[in-house]
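Dear colleague,

Please find below the structure that I am handing over to you. My notes on what was found in it follow directly after.

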Amino acid sequence: MANGTTEKQAANKTSPRVDVAVIGAGPVGMTLAALLGRAGRSVVVCERYPAPYGLPRAASFDGEVMRAFQGLGLADELAPLLQEREAYEWRNGEGELLIRQEFRSVGTNGWADLYMFHQPDLEKALHSLCASLPNVDIRFGTTVVGLTQDRDQVTVDTADGAALSARYVVGCDGGNSFVREALRIEQDDLGFSEPWLVCDFALRRPAAELGLPPMLQIGDPAEPTTIITTAADHQRFCFMLDEGDVERERAADSVWARVERYLSRDDAEIARVAAYTFRSLVATRWRQGRILLAGDAAHQMPPFLAQGLCAGIRDVLNVAFKLDLVLRGVQGAEALDTYQSERDPHVRAVTLASMELGRQHTLRDPELARERDRALLARRAALQEPERMRLPDLGPGMFDTGGGRLSVQGRVSDGRRTGLLDDFAGGGFRLLVAEQDLPLLDVPSLRDVGITVVGLGATAAGAVVADLDGTYRRWLDDLGATAVAVRPDHYVYAAGTDAREVASRLLSLLSPGVTALA
């Protein structure tokens, strides 16, 4: 037992067993709790802070993550609070444009490619959602000090001498994860470590009125800088630090001196100043028995691709439906091994890409910076189309033929209303088929195991929805398929030209022993 808690005390204070204990109530942990809670699982969330953190940390997420929040019913609440971004600019110390990454207002997920946000707004929405779910118990001020697992469960010991038991535990407790340390899981260091000063300001006038850059990296060898508008009334400045006195750099006078070109004390007040070391770390194991890691507990990446929080949300989208399958007895525990096999290669690829951008951005040698500028200016001049960020497919795992890539989301109509497909089909397992193939399927038998079947056509009729913008027609053509099975995390499970075969593959996943449609 931990911290002097006796076995008798623990026995007296042990809560009834829950399906999943989530350690950490940040956006990643609360998203996982919401996903599991809405799936009917019993969840306890343990958070060492006495209340939601209340200060900004993460500042961006992409359309894939917004699609996840759509599935949780939060899109309408969050949309007015978000700052949609058109571009991410990189300039040198002289102001020359080196890179301009452009973002679409409607991307492949049905949402804008990139949003900036004020983290307390997101945490408030997620906390309210979780608090509304009767099977989710949020315990603030609860510090986990011990984890003991056996064949059937994990016992979670807390600093107040209490304990709870859970069938599974997921550590979403950040870069300094207690869960990871308790399991003695090592981390691969991919080779990036730089100290930065992160300064958040609460603005007295909207950022647009103050003329603040919405999203800008300045590759000035004298002081590499990042400037982003996180909300209409919040601005962030990040400055690369030299080795030295970090506390001196955090002093208010030093911070105001750094931003005086853009902001005065009349324009804003300091909301938070923090010194961070941007790192590139990936846990060597993401699962040990009944305990798993997610988010920064599993990996940390530099922020230059704005993908840190996105990676954590992708983690819990991936692991939530797999935990549900295992807890329902549909799949064995070994299915959870596909979590790391799928997500780890994706995380490493994104981290390496972010590191490369970071190394270009943070060159401190003036001559090397000039060489970089010449190369990037020549590259930009040669571009034939807008530069966009492209993310990799998942690694091998819980997929059949044609699986592993992210599905698209387009506008559809059922003849009565118009909207995004996920709002019609829900977020579970889906089978999307071209209209002509729908009669080949035994739709009731598929529905019986939780598969939503959607026909895609030019006009709406019965189970067929109208593909209003041709999004699905183009996507199916690109896949060379007429039927696609999609998982709850929106990744393709299988695709092909034989709708019955694709349906059978999905049916065999959800009904072990069944290999074909009757």
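In which sense do β5 and strand β6 (residues 97-102) pair, and over how many bridges? The two strands pair in the antiparallel sense, over five bridges. Here helices (H or I, at least four residues) and strands (E, at least two) are DSSP runs, numbered from the N terminus, and two strands pair if DSSP finds at least two bridges between them.

Please note that this is a predicted model, in which local features need pLDDT of at least 70 and side-chain atom pairs count only at pLDDT 80 or more, while totals for chains, interfaces and linings use all residues. Residues are numbered from 1 along each chain as its sequence is written, and side-chain values use heavy atoms, with hydrogens and water left out.

Five of the six residues of β5 (residues 87-92) are buried, so the strand is largely enclosed by the rest of the structure. Buried means under 20% relative accessible area, exposed over 50%, and partly exposed in between (1.4 Å probe, protein chains only).

An open sheet is formed by three strands in the order β3-β7-β4, with antiparallel pairing. β3 (60-62) and β4 (83-84) are the edge strands, each with a single partner, so one side of each has no neighbour in the sheet. Two bridges link β4 with strand β7 (residues 114-116), and Gln-83 has Met-116 as its bridge partner in β7. Helix α3 packs on this sheet and touches β3 and β7, its direction making about 85 degrees with that of β3. Contact means heavy atoms within 4.5 Å; axes are lines fitted to C-alpha atoms, for helices over the stretch in contact, and angles run from 0 to 180 degrees between N-to-C directions.

Helix packing

Helix α3 (residues 63-71) also packs against helix α10 (residues 308-327), at an angle of about 45 degrees and with the axes 9 Å apart. The two helices are therefore oblique to each other; angles under 35 degrees count as roughly parallel, over 145 as roughly antiparallel, 65 to 115 as roughly perpendicular and the rest as oblique. Glu-64, Val-65 and Ala-68 of α3 meet Cys-310, Ile-313, Arg-314 and Leu-317 of α10. By class, this contact has five nonpolar, no polar and two charged residues. Ala, Val, Leu, Ile, Met, Phe, Trp, Tyr, Cys and Pro count as nonpolar, Asp, Glu, Lys and Arg as charged, and the others, Gly among them, as polar.

The axes of helix α2 (residues 27-38) and helix α5 (residues 119-131) come within 9 Å and cross at roughly 25 degrees. α2 and α5 are therefore roughly parallel to each other. Residues of this contact include Met-30 and Ala-34 of α2, and Leu-122 and Leu-126 of α5. The contact divides into eight nonpolar, three polar and one charged residue.

A loop residue

Ala-159 lies in the loop between β10 (154-158) and β11 (163-171). With a relative accessibility of 47%, this residue counts as partly exposed. Leaving aside neighbours within four places in sequence, Ala-159 is in contact with Thr-143 and Val-145.

With kind regards
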